[in-house]
Amino acid sequence: RYVIVYVPVGPGGTSGSHSSGAGGGTPGGFGGFRGKKGVVVTGEGDGGAGGADDAAAPPPGPVAHTSREVKELYAKFAKDFPNGRTVILGTLLDNGKGAALSPRSSVSPLQNQEWKAFLHNLGGCVVDGFLDRVRRYDEELRRLDSHRAAFVRKLSGGASPDGGGDGQSNGTGERFDLGNFFLVKESLAFTYEQVQMPSEARMQYGELSAFLPEDAWRRLAAGSGGGGGGGDGGGADDDEVRDLAAAGDSSGFRRRVRKSSDRNLRDVSRHVPPYMHAREVRLLFRMGDPVGVLSSSRGYLDRGHRDRLLDVSSGFGGDGPDGGEGEEGEEDAVSRRSGLRRRLEAEAEAEAWALRSCWDVRTSASGYFPSLDRDAVDRPSRASAGADAAEEREAARCLAELLEFAILRLMRLGDLALLIKALEDEGEGASGTDELPKAVNPIRRATSERPADTLRPWEPWRELRGKDERGGKRGDNGGGGDGGADGEGRSGGNWPAVLSPSSAPSWLLSALAGPSPYESLYLELAEAAAHLNRRAGRHRLASRLEDHRAEVLMARGDHAAACRVLSSNAFGACARDQWTRAHYWRIFRLACCQRRGDDVLAYLETLTQSFDPKLRGVAPGRTAGLFQRDLEALVADSAVADPRWGAFPFLETELSIDGGGGGVGRRDRTSQPLPFLRRKLTKHVCSVGERLEFTLRINSHLPRPISVNGVRLYLVTLERYERVYRRDSVVAEDDAFRILNLDAPIEIQPGENEFRFGWRPMTVASYVLATVEIQWKEAGFFYDSALLRRPMIGLDVRPSEPTQTIELNPLFLIPGHVQNVRLVFHSGSDIITEGVVRLVCSDGLQVVPPNTDAAGLDGAWGDECVIPLEACGPGKKIVITTLVKSSTVRQPDGGGGEAGGDDDDDAAAASGDGGGGGVQTMEARVETRYRQESYTSVMEEGEEPESEPMSTILEAMVTTLDRPGGGGGGGGGGG
């Protein structure tokens, strides 16, 4: 493809252009040949056919502004050069400055359009050249692929592809050239990479792998005479090719492919897969896809590991260890053992390569995903640098799969080391038999379906405790109580060397030196894999790995570390997802580990959690019985007395309130929100002295009955309850207003149990049924209502209705007379602690205190009289008598008369009625403080706190007698 640029220089150019004469100079920055009316510049792309339609089309530039001669010349170019694109730059030499362009500020719209047309055609030419090159590569690949089918059939059949004729020719004698096919396919990938299309380039490498069988390169390498190790017979030259392939050096590797002596690439065939992987990784990095790099590496390592194992199998195939017929006889025993060892060592090299490569990928990934490191959990995420949470989660998944693959390779390495050790032991013993002694991988034994310590009879915790007190050490065989089984798996000292120091890193060689470093490496890999699985959201896989780690730690005797792992794992993903069977197994193993340690408190908590009702369907009956026996021994230990144990699920409690006698079971209720708990309190309304019954239902999930020391119910005032929880505390005994007890001993049977508390409240307040305490031997279990998923219950105790009464006689007072007034107070069933009587008179009435002497009567009259009321018990009567004086009610006569002889007080009273003679009143008000009748008997029990008396007010009134019709004064005033 090419572009023809025509620059008119004569007077017949584009309008507005300046002529430079027939011999004008060539424009600066362009090269070309001189035409009749201008300079023609050509820019060549890739040659080839096609594109004539695009060239014949009119250019997007402003051809209409050119002269007729220029248009004719443009049409001639388009006709004579159909594979190119013609562009007219008539304004290139504007302003008479040759090739100099005008300043940007003075660029005319015509110049702008012409340069846009030039750039458009130049870009189109590049695209056309790219498409033409892709088309030609595709045609060549199709031609080569027509011969590939016979080659694949021959290669898949196991025969060497060297032979001619059958399966190799397309009928014309032409054979398939794998080297040429590889180079052409990769050249197409280079073409896509050059135009910034890395995804398409990566696709070409994927197609190249798919065009041949999965083990095609391995079969080619085997045909080159490499043998069981993969064919290392190339010396320094082979090492150079391996380095080029690992580095993805395309120029160097392609040069070696061209120099290959065989068109089937036998010389470099086993280096082609790592080379293509390196190229694919480079393209993935250009695409900005580090997660894709991890995924591609996982697949490459899997395929490479499998190919290496196939190489070992083919290299040591046949009936004998060396691939021969293998004659029978005792003299061949040493030879067979030697061949078997070489095969095991070759397999170990393949396993070590996969394990080392997995760890290298994990180490390299730390630079791209630092937040996935175990020691960098608190470091900021790469989300701010362009990697979102989803990308990190996917990267964690890929890395977790890599480490799980590495763990499998490590376990196989342990198997191989033990087999080689068995071969050495057999040789030293000169047994002369082909059967090897049984070798057990310590990791496989620890993570088996039935760990060794579960095969022994269950020893009660009290007996284990007694051995410890007598100085015996528990877990002498690795701490797991595995006895001989554990000794068998860990005996024998160091392992023989199975890897060459030149082909394995030092950390792997050290790990294969013996059981202890081997287990340490496994624990490190499993911990890293579990962490990555959690970051990837695969919590169940993480839980399984943590379970295996704990089993290995238990087998090593490190019970403290095993308990830490199991404690976080037993109540993790399996509990949240209600994976009950796995959940119970982890609790069981945690208990097996804790019972051999010194942490009595942790073991007690685990045992109580094992009786969770959710686990009842999967818990074996015998296991529950053994756990209860240990639990009963634990609660009798003094070490469990100090902690405040919470609401464990082996006992479930539920509280309710029953009404007293008289059918008040359905008492009034009120609701009150508790913002400090984000809960709602349901309060039952009752009165002081009312008999209340609280029902406590205890559901026991233990298989056998137990006898507890006591059950207590804490009643806390609502005000105190709020203060306790606002300071982030829990209800203690000192916070309780009243503690209700059940007498011991108390038998709790398996299943539903019902107990009752009775109470007569004597203090007005709002209460919360805060806590139920169950004291079982030395351990106290507290069931706080704020922490339970049950309605919170309270009491609203209000004052009892007073039974006191008063009587005031006479029924009415006679105006103008002094009369006796009698007040009778009846205490009813209440206990009166103190009181006061107030007699208050209206205008015109006066009263004197009781028992006033006649001599001092005139000075004792007043409008109000206060009389103290003595304390008295129920059923008492108190009588108070005093005198009341009323002024005469008169009809005003306007002129005086006989009535004028009355004293001034009477006149003032009469005038105060406005001439109407209004009614006068005396009010009696009795204020008392009292207690409910059962207060004395309740307080004699010595359990109820002292309370303040209740108060009430009783009122009565007596009035003066008025004339019928009211208001009139009428006669009789003085006579």
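Mentor: Gladly! Let's begin with a definition: two strands pair if DSSP finds at least two bridges between them. Keep in mind that this is a predicted model.

Trainee: How many bridges join S17 to strand S19?

Mentor: Strand S19 covers residues 818–826, and S17 and S19 run antiparallel. Pairing needs at least two bridges. Here the number of bridges joining S17 to S19 is 5.

Trainee: Which residue in S19 is the bridge partner of Ile-806?

Mentor: Strand S17 spans 805–809, and S19 spans residues 818–826. The partner of Ile-806 in S19 is Phe-825.

Trainee: Which strands are the edge strands of the open sheet?

Mentor: This sheet has 4 strands with antiparallel pairing, in the order S17-S19-S23-S21. An edge strand pairs on one side only, and that picks out S17 (805–809) and S21 (845–847). From one strand to the next, the twist averages 25°. So that you have the names asked for, the edge strands are S17 and S21.

Trainee: What kind of peptide bond joins Asn-809 and Pro-810?

Mentor: Pro-810 sits in the loop between S17 and strand S18 (812–813). Omega for the bond between Asn-809 and Pro-810 is about 0°, and the bond is cis.

Trainee: Where do the buried residues of H2 fall, seen down its axis?

Mentor: Helix H2 covers residues 68–80, and its buried residues are Val-70, Tyr-74, Phe-77 and Ala-78. An α-helix has 3.6 residues a turn, so residues three or four places apart point the same way. The buried residues of H2 line one face of the helix, because they fall within an arc of 95°.

Trainee: Which exposed residues does the face of H2 turned away from its buried side carry?

Mentor: To count as exposed, a residue needs over 50% relative accessible area. On the face of H2 turned away from the buried side, the exposed residues are Arg-68, Lys-76 and Lys-79.

Trainee: What sort of aromatic pair do Trp-458 and Phe-627 make?

Mentor: The whole structure holds 22 aromatic pairs. For Trp-458 and Phe-627, the ring centres are 5.8 Å apart and the planes are at 65°. Planes over 60 degrees apart count as edge-to-face. The pair is therefore edge-to-face.

Trainee: How many residues apart in sequence are the parts that this pair ties together?

Mentor: Trp-458 lies in the loop between helix H14 (442–446) and helix H15 (461–469), while Phe-627 lies in helix H24 (residues 621–635). Trp-458 is partly exposed, with a relative accessible area of 22%, whereas Phe-627 is buried at 1%. The parts tied together are 169 residues apart in sequence.

Trainee: Which residues form one aromatic cluster with Trp-645 and Phe-648?

Mentor: The ring centres of Trp-645 and Phe-648 are 5.9 Å apart and their planes are at 50°, so this pair is tilted. Both residues, Trp-645 and Phe-648, are buried. The cluster they belong to also includes Phe-650, Trp-776 and Phe-781.

Trainee: Last one: is Asp-728 buried or exposed?

Mentor: Asp-728 lies in the loop between helix H25 (718–726) and S11. Phi of Asp-728 is near 55°, a positive value in a residue other than glycine. With a relative accessible area of 73%, Asp-728 is exposed.

Methods. Residues are numbered from 1 along each chain as its sequence is written. This is a predicted model: local features need pLDDT of at least 70, side-chain atom pairs count only at pLDDT 80 or more; totals for chains, interfaces and linings use all residues. Side-chain values use heavy atoms; hydrogens and water are left out. Helices (H or I, at least four residues) and strands (E, at least two) are DSSP runs, numbered from the N terminus. Axes are lines fitted to C-alpha atoms, for helices over the stretch in contact, and angles run from 0 to 180 degrees between N-to-C directions. The expected span of a helix is 1.5 Å times one less than its number of residues. Buried means under 20% relative accessible area, exposed over 50%, partly exposed in between (1.4 Å probe, protein chains only). The arc is that of the directions from the helix axis to the C-beta atoms. Rings of Phe, Tyr and Trp (its six-membered ring) pair if their centres lie within 6.5 Å; planes under 30 degrees apart count as stacked, over 60 as edge-to-face and the rest as tilted.
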